Amino acid sequence: MTPAANRPDLCRIGESAFTQLLCTLSQRSSEPRNPSTPLTVPDAHEQITSSVLLKGLRLSGRVLVQFPKAFVTYATHVLTGLDWNAAEAQRLLDDTAGELGNMLAGCVATHLSEDGYACTLGTPLVSRNPLALLEVHPEVELGGAELTWEGYRLAVQIQCQYVGP
Amino acid sequence: MIPRILSIDDSKTIRLSLARLFRPFACEWHEAANGEEGLAAATRENPDLIILDYNMPVMDGLAMLRKLREHASLKRTPVIMLTADAGPENIAIVARLGVRDYVIKPFRDEELLAKVGRIIPLIPRTET
């Protein structure tokens, strides 16, 4: 079993992954940010969770990311150019959340690989269950980050179970 | 003759994002949602470039790339791989399969356009 002192800093990794993702979204937005606009969509504060499995020789786990619906609406607009309230944009919310989760998990996997824990990603699963309600195995190590960005509260949780020496 | 681009990604959001990115340029745009559909589309359309996602259900990017390299008329089609995992092991796997280039998600539009522009001509639609 890997000594705890040699394990990756999951909180640092979670925060770094969020920073990369948000930085790129900000750069893609060609108009002044108006974060309050997506907050007018129905159920703006409903939480959407994206889950991506991690699988490697030395660890297994998953990355869970939680976004309010308003943030996913904003990201859909930035990525596709679709209007906030367009029916097509609303239909894309789960897909966008899955892709954001995929990107974030990719950043996490890159950091884990740099720390000696290479792993592959599963395909994202999207649900409307808040992070706090998801079951965690007692041997799983948890880490992550919560942050507020442009009025949106975002959270990432990284669950890792280490295997081997 | 305008270049043909085939975009293969299971995320409709990404497919729309890419279509929007390349709309200002004179190119014929085609899409597929996984590797299996992508192979069928590539056989049908004979693209000049494939932008291929790594992580997809049904048939992922690696599996599709291997089949592409076995196809007599498609094995030399240039491929740019989109991947969320920038770890060295992952990049080595991708490189060994002979992709022309790769882009890490989330990517900057300018980066992808520059890499595509090195493979096919990107001419604004207003000039054609």
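Across the interface of chain A and chain B, the rule finds 10 residue pairs in polar contact, both residues at pLDDT 80 or more. A polar contact here is a pair of N or O atoms within 3.5 Å; within protein, one must be able to donate a hydrogen and the other to accept it, and residues adjacent in sequence count only if both atoms are side-chain atoms.

On the side of chain A that touches chain B, the elements giving two or more residues are helix 1 (10–28), helix 2 (69–80) and helix 4 (93–114). Helix 4 of chain A supplies the largest share, 10 residues. Helices are DSSP runs (H or I, at least four residues), numbered from the N terminus. By type, the residues of this side are 11 nonpolar, 13 polar and 4 charged. Ala, Val, Leu, Ile, Met, Phe, Trp, Tyr, Cys and Pro count as nonpolar, Asp, Glu, Lys and Arg as charged, and the others, Gly among them, as polar.

This is a predicted model: local features need pLDDT of at least 70, side-chain atom pairs count only at pLDDT 80 or more, and totals for chains, interfaces and linings use all residues. Residues are numbered from 1 along each chain as its sequence is written, chains are lettered from A and ligands numbered from 1 in the order in which they are written, and side-chain values use heavy atoms, with hydrogens and water left out.

In total, 28 residues of chain A are in contact (heavy atoms within 4.5 Å) with 23 residues of chain B. There are 2 salt bridges between the chains, each a side-chain nitrogen of Lys or Arg within 4 Å of a carboxyl oxygen of Asp or Glu. Glu99(A) forms a salt bridge with Lys105(B), with the closest N and O atoms 2.8 Å apart.
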